[in-house]
Amino acid sequence: MSSKKAKYVELDGTTPSRGREPEAGGSGDHIGGRRKSVCGRMSSKKKIALAVTLALAVVLIVTVTLLAVYLSNDKENLTDSVELDKLVKHLSGLQDIADTHGGVRATSTTGYTASVEYVVDQLADSGLTVSLQDFSFDLFVTNASHLAEIQPTARTYTTVDYGVFTNSPTGSGNAPVIVIPNVGCDTADYSKFVAGSVALVSRGTCTFSAKTQLAITNGAVCIIIYNLETEAGPISGTVDSSTIPVFSLSYARGYQLSLEPNATIQFSVTSNYVTVYSQNVLAETTKGNPNSTIVVGAHLDSDAAGPGINDNGSGVACLIEMARLLKSTSLYDKMKNKLVFAWWGAEEDGLQGSDFYVKNRNEYPYNIAANINLDMLGSPNYANRIHNGTSCSSDVQLQKGCIYIQTLFSSYLEQNGEQYVLHAFSSSSDYDAFLVAGIPSNGIEAGAGQLKTVEERSMFGGLAQTAYDTCYHTSCDTEENVNQDALLSLSKATAHVVEELASTVDLLSVL
């Protein structure tokens, strides 16, 4: 700034004298000790010119205001801005990455690194603040495993039939099988159990960890948890910790084994942990109330078995489009709450990326009010599956928020003539860390390895008693595996919910 003093000049070009007082009753520039108005000293032409100038200024202000309102109203909303060809473009981009990097985009692979770079590139012109969040964790690795029935029938199970739970320790042996009644969630279920045996128990009611700890307490040398009839294949699951091997069987194999009299199992597993490094991609708006931030997330990694284009390239594609389009939509002009778009790393390895983010959320200058989870939006044998808000927690206040978001999804589908089903939260996707932290969450999905019911077939078509996605966690989860109609429909539903939450005044009061 210049240090020179400004020279005050009247509109008529004269410079007022300083330190002089007019004579009382004189004809100078002051009357009764007060200066005359500017207009009072101006000629008629100058008065007219000033009036015209002021009028034009008012017209200009009004015109600019109306134009701004018009342009804002002329913008598409976020929901309508989401287009199928752009979503499919991202699926193709992720498929190309997998093809170039050994067929996978899993954690700690070059395919995942390339996926991170792809997302960052897509956000270059989004107007969002983009950052990478580094984290590391100990990855469970099964080096070798074996499971077979040796009496009364010789039957060796393949990896199509069985799996090893994450965190299962190394161990081996031969032991008789004892079937645990009532899904093995209560001490009374083990009243007839003989220590030194293998516990065979059905999935359901309580967690895998709870079942495992009861088996350990009662002297089991191994536990086998078999899947539900409504779900295909063995369980892909995790136990918190265990001192005995923990296996899973498909429903068909598990039920078959439960009927075998005096069965004996041979089992072995060798496992260890390796330290793995990964990244989350975060993109946040610079506007919106930071005290009621909405985190919209999708896991970026694939399973180690394939390219993961439905699981979860479909969610990634939807998230990229919402983030990329935001600033050009009407939502951006009416945003009340801050948005953070998050692409999580290492979901397939125990929800590591989202868990790290939530546990370290105090490092960020905002308060998280809600989470929207995008996971598998394009399953070929799809159903519109919204999480049942009442199952998100036993805490009534947290249920309130989950139900509120659930209703936003269901209302949108109803208004567009689409049906939906409600299904329980299961701690199997990135919403889990938010719920554990007391943050309401919800989302819509097309289904994974579970079997479509007869009722769902009548609602959505497709095949009953067949998995929503028969390529779930396999090499055939390619871009050809994605149901594009489902992808577009569920992406638009998600965009609508994001739009509603982001534009809600005093969001915390309704959650």
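Tutor: Of the 511 residues in the protein chain, 48% are buried, meaning under 20% relative accessible area with a 1.4 Å probe, protein chains only. Keep in mind that this is a predicted model, where local features need pLDDT of at least 70, side-chain atom pairs count only at pLDDT 80 or more, and totals for chains, interfaces and linings use all residues. Residues are numbered from 1 along each chain as its sequence is written, and side-chain values use heavy atoms, with hydrogens and water left out.

Now to the interior. A nonpolar core here is a set of buried Ala, Val, Leu, Ile, Met, Phe, Trp, Tyr and Cys residues joined through side-chain atoms within 4.5 Å. The largest one has 58 residues, and those touching the most other members are Val296, Met322, Leu339, Phe341, Trp343, Ile372 and Leu374. Helix 8 (residues 309-325) gives this core its largest share, 9 residues; helices are DSSP runs of H or I with at least four residues, strands are runs of E with at least two, and both are numbered from the N terminus.

Let's zoom in on Phe341. Leaving aside residues up to four places away in sequence, Phe341 touches Leu128, Val281, Leu282, Ala283, Val296, Leu319, Met322, Ala323 and Leu326, where contact means heavy atoms within 4.5 Å. There's also a second, separate core of 18 residues, with Val177, Cys222, Leu257 and Phe267 among them.

Terms used. Buried < 20%, exposed > 50% of the residue type's maximum accessible area, 1.4 Å probe, protein only.
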